[in-house]
Structure formats: structure tokens, C-alpha cells
Amino acid sequence: AFILAFIIGCYGHYYKIVKNGVAGYPDEWFPSVSATTGDWYPERNICQIFIALTSGPRLVLCYLWYLLTIRNVPADGSKGFSKFLLTNDIIRTVACGGWVYITSSDDHDIHDIAMIVYLLCTIPHVVGTITTAPQNPKAQQYRKLFAYTFFGALIPMVYFFIQHNVHRIPGAYTYYAFFEWSLIISDLAFDAVCLIDFETFEFRVVDIGMGGKREGNISALNDLKTYGGSEKGVGAAIGDIKPFEVISFAADVYLGFVFWSMLTSLPLMIWYFPLWHMGISGYEAFLFCNVTAGLLGLNFLRRGIERYKGFVHLLSLVGVLSYKIADPAHRLMAVAAGVSLSLLTWGATFFGQRHQNGRAERGVLTLALGLILHNIVKQAWWANNPIWPIMNEKTGGQNMIGLVLGVLAAVQVMLRKEPGADEPQTIEGQKKGENWFLAAIGGGGYLFCLHSMFTDSTTISRWSLGGYPNTGPQPVPGGLMVIAAMATGLTLSSKRRWVTSFFWWAIGTAGLAVLHFNEGDIGFGGGIVFTIYALSLFPALFRSLSRQPPGRTFLLAMLVYNFLALAHVWVVAYAFVPGGEVMRERTDYVLIAMQTCLLLGIFNSNSSAWTIISDIKARSSFNAARVYAKLSLVGLVFASIGVCYNRLPKSTPQPYHPEHKLITAGIWTIHFAIDNDMYNSELRMRDAIRDLELDVIGLLESDLQRIIMGNRDLTQFLAEDLNMYADYGPGPTKHTWGCTMLSKFPIKRSTHHLLPSPKGELACAIHATLDVYGKEVDVIVSHNGQEEDLLDRQLQTTELGRIMRESDNPFLFLGYVVTTPGKGQEIYEMLMDGGHVHDIEVSDWDRWCQYLAFRGVKRTGYARISHGGITDTEIQVGKYQLLEDHPTSWDRSQSIEDFKKEETYAQISEHQVPEGLRFPSMFYGEGVRKHRFHVFDRPYYYA
């Protein structure tokens, strides 16, 4: 009946298009009366009649399935679920008839409500049917296939509905209708699979007569038979790979990716609040949301999560959906909830698999692969994760796609029969010599190690970078090398005795020491060794953690992780936290504590090494997990190669106006690329730098390679997208907030400085020599200390003056110096007179922190541009010409008041300036993207 109705409806659809044309085609599918021509189309009524005819059989089918499930309920099981499923299916059938028969042109509200009820009831219907069905492999395979097509059609259906209903795209409703009706095809096909299960389902009508007895005590259900049989163990050979097992494995890997995405986004979002409060804000307490893992000690809760882990995974996606929440505090709360639920789910899963090596190995490997996938996705998005809540459609995010994939993965977990669920126990729960305390210490330290160093492929290269030319590998191809090392380490993890040995720990520790104390290629090489070592521990430490009493073990592990995470922040944020002086610049303390935790963990894991697996089926399941993991690693490494190839530079950077030998240079404090609304700001930063035609720019507060900044790296995105050379500046181990330089001119050499800071924050500086139109020009980008520490500011400014004064090249200063401009200001005069440079515009009295200064080049323009909501600090830009006959020496008589007097008379109007030397006119008035000429409402130009 349905097929006939569908054919008639498609014919009518085709007929109307031919008759009326696409432009005259009404919005509704199968309408009785055309909204355009007023014609009556009877095929819609015929279609409705046939659809209505299917409702009765569907209700009978619901009841028959109820009888079948009652028959299959174990003796100790609950029949309540069968009754719930029957009720749900009846509601679903009625709702289906509602939205099919009553179209949106008849009654829009009833149509939509019926559709929503139908879709909501479909999830328990599909999951419940697969769960309660006789385990006939053929039938279950068909059911899963049609379930995937059903839920897969939802994505384009919703997309085209939005295109039609919101964007009013012509023809979108036609495509929506095809996907809408494909749901019915998949739905009926899913239910039609029961024909296989009912092949041995027989009703008997028996005349027992008056007072007679049932013949042989036969009832209508006694002859119901189900398909049983054990599932064949999964072989280790590639030829034994099954499509549905691959889908199941991929779903777990993606959920692992979601876990790492939410875990890494939480501290990043917490950081927003102390950043704007300039101190402890109270929101830091959300870091401890992970202590809810201690609830795994409640048996009923843990078992419930394990049994319905797909549903809990689905709930945890609130952390991904949170990007829609505008209020930063509420968004943070949603992410904290998502992290807690995801952590509980993975913890319950690991503990539930503790007796079965095959399932347990599969579980930890999918989480490890999720971490590597997280790195590759970030590599493709230039160190940002497209499903982080700080991303959205305007900032390059793909949050909705990530959410939909997460929903599909969670539904897949709900639908499947756990692989290896009938696998016999192959190890004991807790072995002699094992200690829950040591396991928790090792697990917490290891989670911190992974989060702080291996959630972005560029972290290792940024830890080891030096100044030009000894920078070490750049993100491309350095990131690829790190990902390959992670894959190598995970492959070696099967050598359990070796990777949990003291000798292997010593090798890893040596690699970490080389990374910490050396710059350039040598330091990066040590980092690669440590990467291989760290990832090889993944199964051993997580398996050891899962074999302990879950409540106290996971609680202590999370506390250890939190303690190390805070210490990792305090080494640079010591000026803003109570007692922070103890951890000032002590990354070495943190690394020693981390390695000690790992040593205790691997010692405990080694003492409880596995017994040899002798059962063939268990060995088969174990090997299958390894085969899938190795194939996945090969695919992930090739994906990283593709990403790196796509990111290779396509051309050599060129300045914007070489015809004038112009240098346009700027300085901007960017607040760690988190805008005022807690969204990523790199795209808008790129647009501002591009529109201002900056040849050189210094970016301050730019070191994002920390847990609290998401282990990001804005330098690589801006440099590659704007086609510029980049110097990242002092790396994460130098304990500064960071300064970065981007340049259209080649960087011949550079030096990274830590300016004297005996009391307050460390001040960073880059001193670079650029090849500008064939001549050497020096540039300093610096970020000095805070107002509270006068001695620090004096010493830092003195050192900057020395560096500039001792250079014989033309010089540009782009820096952050906490002082008021003008004669008589100590720090200001120390910078200008001490550095033998000129302030770009001494009459601009409203500056406080950012300054531009120069020597040996001709100043032609100066402007201040508002920040546009990206930060709280404006952009300052200067235009200079590098002329052959311009004096390069500095004359003290031209400084301060004399220079001010001379330059005041040298100002000219814009129409006197050649076009190539002007600032873009788009920044006049209201400007563009909230960027406009600030303070003066115009730029200054000079003769």
C-alpha cells in the first residue's frame, strides 16, 4: 500500500512540475489545491488514503512485537520495558499518521507537533527493537542499516527545512520533502525486518470446547522460536573486518574526540573570567567539576551509566551545543556539565570492561585515537578545535556538524550489541601487588601530561623554539612529526612489559629534559622521544586505573590532575594568585612532579601485568582491537600528511607597497585571541591586519600554548593566511604572556629576551633583523611589566634602551610600556632617549601602554584604530619609508620638545599624500567591523 501511494505521489509531483514549471510549483508536497493555480490534485488524497491503510497493520505489528519481546524476557529481567516499548510504539504510529495525513497547509501546528513526537519516539523504538529482538545476525544487520539511513536522512532534511523556512530558498522544500518521505521508507523497511523474526512465529486457534483442556497446554506463544547462536569471534586479519564493527569503532573514536574537545575547552573558558577580572574571579572552581568522577563509587549509578552509556554520551553533548549560549557564564556551566557526564561515561565504561581484555583494550585505544584525531582536527583548523564553544559560524567553527556527528555516534552506541559482551573473564579484577592509591596518582599525572603537552601537535615545537635561524621545526612539518610520534608510541603500547619498565621511563625522562633545556632541533628531538614514550603508556595506565575501586580511585586521580593543572598555570600567573611566588618560573617543578606520578603509575601497572590470554575468542577480540587501531593510525597519519600538504606556502610574502619602499608597522595587545564575548577572534584579527595593510605587526599576550589558553597557536594561522613570516617569540617554558612578530619582510635573525623582572611578571621581547628592500632594519616587539612594580619597569626599559642604542641599523620599536608620554616621565624618557629613538607622535597625550618609535626611517603616517570588541586595546599603526638619503643617526636635540615642535609644523593633509602612502578610507566614520580611526577620528600624515 505504501509503495503504491509513493509511486502515485511521485507521479503527481512530476506532473505538477511539468504543468506549472518550477516557479509556479506550490510549496507543499502532494497538495489538494495548488497555492499558485488553484487546481485540484487528487493524487494527494489517494496517497493519504493509502498511508492511512498502513496504520492498522502497524498497530497490529506493535502488539505482535510486544508478544515476541515478552517471550524473550529473561527470567530475572523486567517486563516493564516491553510495556513501555509497546506504549511508545502506539504513540509513534499515531503521530506518524498525524504528520503524514495532516499537512502543514491543513494545520501547521498539528503537522509539526506530530512530526516532532514521531521523531522523538523513534529513538526508543529503534533502540528498544534492536535490544529486544532475537539475535538473528541477518535481521540485526538489516535493522542497523535502516536505522543508519533513517537517522542519516535527518541531517539533510533539517538543513533543507531551514533553507526553505528561514532563508526562503526556492526549491528547498522539494528536496526537504524527498528526505522527509525517505524517513518513512527507512521506517517501514526497519519494521519489515520483523518478517525474518516471525518466520517461526505461529498462531494456533484451538477449540477446547466446553470445559475442555488446552491440547498439550499449547498457547499462542509456545511455538515462538528465536534465533540464537554465538557470534563468531573477530579475527585479527584484515579480511575479517566487518562494516558494522568498523562503524562501531569509528563511533567510539569520535566520542573520544568529543571528550578531549570538551576537556580542553573547559580551562580555556575558565580563563576568560580571571583575564577580564585581572585576578581570581571565582569561576576557577569549575575546574573541579571533574571530581564528580568520584560518584562512580555508587554501584547503582555506575551500572546505570554503563548500561545506558549511549544515552549519557548523548546528554554530554550539551558541552558541544553550548556554543549557542551567548552568556559566557552560562556557557561555561554547560561545558562543565558536558565534561562531567563524559568523564563519568568513560570511567564507567572502563571499569565495566575491566574483566575482558578485548573490550578493555578496544575502549582505551578508541580514547587514545580520539586524542590523535583531536590533534589532526586542530592541525586542520590551525590549532583551533572547530567544535569548541569559543567557536561559532562566524569564527570558522563547525559546531553543528560536530554535534550531529556526536548524536549519530551516541545513537550508534545505543543501537549496538556490545562487541565481546559474552567474552569470558580473562583477568582478575585486582591483582596482587596492585595499589589503588598508586594507580590514581599515575592516572592523574598522566591525564595532566596528555592535556598539557599532547592536545595540540605544535606544543612540542613551541616548547623547543629559539630565535632565527635556530627556530626548530615550524608547525608544518613539525606537527606531522609529532602526530607520527604519537602513532608510533601507541603502536608500541602493546609491548606492555617494555613500556612499563624503569628503563623506558628513564628514556622518556631524558627526552623531556632535552626538550626543556634545549632550543631548536635538539630540543625538538628530545620532545619526539618523550612523545613516543608518553603515548606508549596509554593502555597500561588507563587499564591499571580501571581495575581499582572506581569511586576513590577516580576522585583522587582528578584531584592530582587539578593540582598539577593549577601549578602549570601558577608558573606564569604567580602575580595574580595567593602564594604564587612559590611556583614562579618553576616549570621544572611541575615536570618533576609529573614524571614522579608517571613512575608510580607504571610501577603499579608493571606489578599487575596481565596473565597470558589463552582463550581463543578472547585473544581474537584483543587482536581485533589492535588491528582496527593500527589501521586507524595509518589513516590518521595520512590525514595529517594531507593537512600539512594543504598548508604548504603557495608564494613568497611580499610587502604591500614596494613602489614607495613603505613599511607599515603596528602594535596590538590581543588578550589571547578571546574576544569580549568569549569567542575566538583570530578571523577578525586577520581581517583587521589585512585591511590595514600591515607589513610588520607585534602582537602581545599571544602565547597560547598552555592549558588555560587551549594549547592554541594563533601565529601559524595569521602567518599562513596573511602570507607573512612569523617569530613566535619566547616559548611557553619562558613563563611570559608572550609576544609575536609577523612580517612581510624576511627575518634574517632574531633574539628572544626575558627582560629583568626581579619582582613582577616576566617581560618578553623579540629583537629581529629584517631584510627590508635589500637593507637591514631592526625591530623590537616587547611587553613590559605592570604598573605595580616600578623597579621592574625601570630595569626592563633600560635593557630595551640598550638593545636599541647599540644597533647601527634603522630601528622600529613596537611595544607595551606602562608609562604616561611626555617630557618629565621617567620611563618614557628612558625608552626614547635611552634607546636613541623618536616617538611617532609626541602630541598624542592619551596613550598609556602602547608606543611606536623609530630611527633611521622617514615617518609618513600615524593612526590609532579601535579594537572592535576583539580586546580592550586599540591598534596603533605607523607608516615609514626606507629612503637611501635619510639620516640613520639619532640627534638628541630633536628629542622630546624640540622634535615635537618641528614635527607639529611638518603635518600635512591627506590629499597631499600619494595614494599608496595613505591609510585605507574604510576606517573613517563608523569604520568596518567596529574598527575605526580612534581618538583623532582621522590619521596623521607627515611631510
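## Helices α5 and α14

Helix α5 (residues 137-165) and helix α14 (residues 399-415) have axes that come within 11 Å and cross at roughly 160°. This is a predicted model. Angles over 145 degrees count as roughly antiparallel, and α5 and α14 are therefore roughly antiparallel to each other. The crossing in which α5 passes α14 is right-handed.

On the α5 side, the contact is made by K144, A147, Y148, F151 and I155. On the α14 side, V404, L408, V411, Q412 and L415 take part. Sorted by class, the contact of α5 with α14 has 8 nonpolar residues, 1 polar residue and 1 charged residue. An α-helix has 3.6 residues a turn, so residues three or four places apart point the same way.

## Helices α13 and α21

Two packed helices are described by the angle between their axes and the distance between the axes. For helix α13 (residues 357-380) and helix α21 (residues 538-546), the angle is about 125° and the axes are 10 Å apart. Helices α13 and α21 are therefore oblique to each other. Helix α13 passes α21 in a right-handed crossing.

From α13, the residues that make the contact are N357, A360, E361, V364, L365, L367, A368 and L371. From α21, they are F538, P539, F542 and R543. The contact of α13 with α21 divides into 9 nonpolar, 1 polar and 2 charged residues.

The buried residues in α28 are I827, Y828, L831, M832, D833, G834 and G835. After α28 comes H836, whose phi is positive, near 55°.

Strand β9 (residues 838-839) contains H838. With a relative accessible area of 8%, H838 is buried. The C-alpha atom of H838 is separated by 8.4 Å from that of W890, although H838 and W890 are 52 residues apart along the chain.

D687 is found in helix α25 (residues 682-691). The relative accessible area of D687 is 12%; a residue under 20% counts as buried, so D687 is buried. The side chain of D687 makes a polar contact with the side chain of R690, at 3.2 Å.

F563 is part of helix α22 (residues 550-573). Its relative accessible area is 54%. Over 50% counts as exposed, and F563 is therefore exposed. In sequence, F563 and G444 are 119 residues apart, while their C-alpha atoms are 9.3 Å apart in space.

## The chain as a whole

The chain has 29 helices and 14 strands. Of its 943 residues, 59% are buried. D687 and H838 are buried, whereas F563 is exposed.

Among contacts in the chain with a separation of 6 or more, 76% are between residues 24 or more positions apart.

Terms used. Residues numbered from 1 in each chain as written. Predicted model: local features only at pLDDT ≥ 70, side-chain atom pairs only at ≥ 80, totals over all residues. Heavy atoms only, no water. Axes fitted to C-alpha atoms, helices over the stretch in contact; angles between N-to-C directions. Helix = DSSP H or I, 4+ residues; strand = E, 2+ residues; numbered from the N terminus. Parallel < 35°, antiparallel > 145°, perpendicular 65-115°, else oblique. Left-handed = near helix turned anticlockwise from the far one by under 90°. Contact = heavy atoms within 4.5 Å. Nonpolar A, V, L, I, M, F, W, Y, C, P; charged D, E, K, R; others polar. Buried < 20%, exposed > 50% of the residue type's maximum accessible area, 1.4 Å probe, protein only. Polar contact = N/O pair within 3.5 Å; in protein donor to acceptor, adjacent residues only side chain to side chain.
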